[in-house]
Amino acid sequence: MKMNDNVSANPAPLENLEEWEDFLKERYPEKSFQAVDANKKKEQFRNYEADARPTVREFYRLNHRYQTRDFVQEKRRDFLKLNRRQMGVWEALEYLNQLVDDSDPDTNLSQLDHLLQTAEQIRKDGHPRWFILTGLIHDLGKILCLFGEPQWAVVGDTFPVGCAYSDKIVFHQFFADNADSKNPRYQTSLGVYEKNAGLDQVQMSWGHDEYLYHVTKDYLPKEALYIIRYHSFYPWHREGQYDHLMNDEDRKMLKWVQAFNPYDLYTKSHVPPNLKELRPFYDDLIKEYFPPVLKW
Ligand SMILES: [Fe+2]
Ligand SMILES: [Fe+2]
């Protein structure tokens with residue numbers, strides 16, 4: 001496959017966003033689920049990379065190349081004004097559901113199906129109501145795609161910018177083309193940050209996690225906000241990296257992000273949830289935490 005450096009010429013390498021999530025599932029299979037497996041061998045990473053579909057590989061190439069610190073700051077300045085839309089949570093769920101995947105409509109579930117399946121499994125396991133709600137909304141930030149943002153700026157495992165990249169980040173070699181790699185200030189282990197400054201002080205690569213955190217931050221308990229903000233931060237919650245940036249609060253909250261991860265990755269079933277039956281429960285749950293309208 002010929003690599004093309006022009007972003008606009010190839011803005012959507014993935015056929016659908018699920019391809020990235022399928023790749024994550026191969027990389028972190030359910031049967032070997034462990035919160036952080038520090039003994040993973042380097043060879044395994046090479047295999048995941050070698051076995052990845054060309055579309056997934058190209059997706060990571062673009063993500064690692066273009067997610068610079070400047071890019072992140074520009075996106076934060078733009079999107080965190082939250083001046084694009086005003087809508088309630090259910091309206092946002094329906095809006096996100098327009099993000100349809102036309103590659104194989106028989107086997108691919110909608111975005112809403114994924115969110116309901118995640119929430120329903122959390123509910124079945126008897127977790128608190130805020131946790132169920134977090135399952136329902138955690139990917140709402142993917143509406144960034146509907147605002148015209150390229151896939152590599154919406155999904156993908158997230159990582160801190162402004163400091164050295166952990167070598168546990170998949171397709172690490174693609175960071176060689178990131179402009180920040182040439183800035184020595186950004187390439188020490190702490191980079192622009194102070195030791196144990198806390199995740200709140202750290203700017204992450206831009207995507208659906210950080211965006212939704214800002215939309216919901218006034219309404220949910222902090223455990224929920226950690227899950228929303230860091231559920232794609234696999235180098236942290238599955239690989240145990242970046243401890244030097246964490247404070248005690250982050251270390252305490254890590255267990256919630258880890259508790260959420262299997263629901264996100266392993267609850268996809270091909271039977272779509274019964275929306276009509278479930279709707280009243282989720283309407284009540286949304287009302288319990290959110291005002292009728294949020295700024296997006
Ligand atoms: Fe997500
Ligand atoms: Fe998800």
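Predicted model: local features only at pLDDT ≥ 70, side-chain atom pairs only at ≥ 80, totals over all residues.
## A loop residue and the helices around it

F171 lies in the loop between α7 and α8, the helix that spans residues 208–216.

Most residues other than glycine have a negative phi.

You'll find Y242 in the loop that links α10 (234–237) to α11. With 21 other C-beta atoms within 10 Å, Y242 counts as buried, because the cut-off is 20 or more.

**The chain as a whole**

Now zoom out. The protein chain has 12 helices and two strands. Walk along the sequence and the pattern reads α-α-α-α-β-α-α-α-α-α-α-α-α-β. The chain has 296 residues, and buried ones make up 40% of them. How much of the contact between residues at a separation of 6 or more comes from residues 24 or more positions apart? Those pairs account for 79% of such contacts in the chain.

**Two helix pairs**

Two packed helices are described by the angle between their axes and the distance between the axes. Here are two pairs, side by side.

| Helix pair | Axes come within | Crossing angle |
|---|---|---|
| α6 (residues 111–124) and α7 (residues 129–137) | 7 Å | roughly 165 degrees |
| α9 (residues 222–230) and α11 (residues 248–266) | 9 Å | roughly 60 degrees |

Take α6 and α7, whose axes cross at roughly 165 degrees. Angles over 145 degrees count as roughly antiparallel, so that is the word for how α6 runs relative to α7. The crossing of this pair is right-handed. Which residues of α6 and α7 meet? On the α6 side they are L115, L116, T118, A119, I122 and R123, and on the α7 side F131, I132, G135 and L136. Sort the residues in this contact by class and you get seven nonpolar, two polar and one charged.

Some of these names sit three or four places apart in the sequence. An α-helix has 3.6 residues a turn, so residues spaced like that point the same way.

Next, α9 and α11, with axes that cross at roughly 60 degrees. That angle makes α9 oblique to α11. Here, too, the crossing is right-handed. From α9, the residues making the contact are E223, Y226, I227 and Y230, and from α11 they are M253, W256, V257 and F260. By class, the contact of α9 with α11 has seven nonpolar residues, no polar ones and one charged.

Is α7 mostly covered or mostly open? Seven of its nine residues are buried, and α7 is mostly covered. The buried ones are F131, I132, L133, T134, G135, L136 and I137. What does the covering? The elements include α5 (89–96), α6, α9, α11 and α12.

The largest nonpolar core holds 68 residues, and W20 and L136 are the ones that touch the most other members. Leaving out residues up to four places away in sequence, L136 touches L115, L116, A119 and Y282.

L212, found in helix α8, is 75 residues from I137 in sequence, yet their C-alpha atoms are 8.8 Å apart in space. L212 is buried, because it has 24 other C-beta atoms within 10 Å. Beyond residues up to four places away, L212 touches L140, G141 and I228.

P273 gives another example. It lies in the loop between α11 and α12 (275–289). P273 and L109 are 164 residues apart in sequence, but C-alpha to C-alpha they are 9.8 Å apart. Setting aside neighbours within four places, P273 is in contact with D113, L116, Q117, E120 and L278. P273 is partly exposed, since 17 other C-beta atoms lie within 10 Å of its own.

How values were computed: Residues numbered from 1 in each chain as written. Chains lettered and ligands numbered in written order. Axes fitted to C-alpha atoms, helices over the stretch in contact; angles between N-to-C directions. Helix = DSSP H or I, 4+ residues; strand = E, 2+ residues; numbered from the N terminus. Parallel < 35°, antiparallel > 145°, perpendicular 65-115°, else oblique. Left-handed = near helix turned anticlockwise from the far one by under 90°. Contact = placed C-beta atoms within 7 Å. Nonpolar A, V, L, I, M, F, W, Y, C, P; charged D, E, K, R; others polar. Core = buried A, V, L, I, M, F, W, Y, C linked by C-beta atoms within 7 Å. Buried ≥ 20, exposed ≤ 12 C-beta atoms within 10 Å, placed from the backbone.
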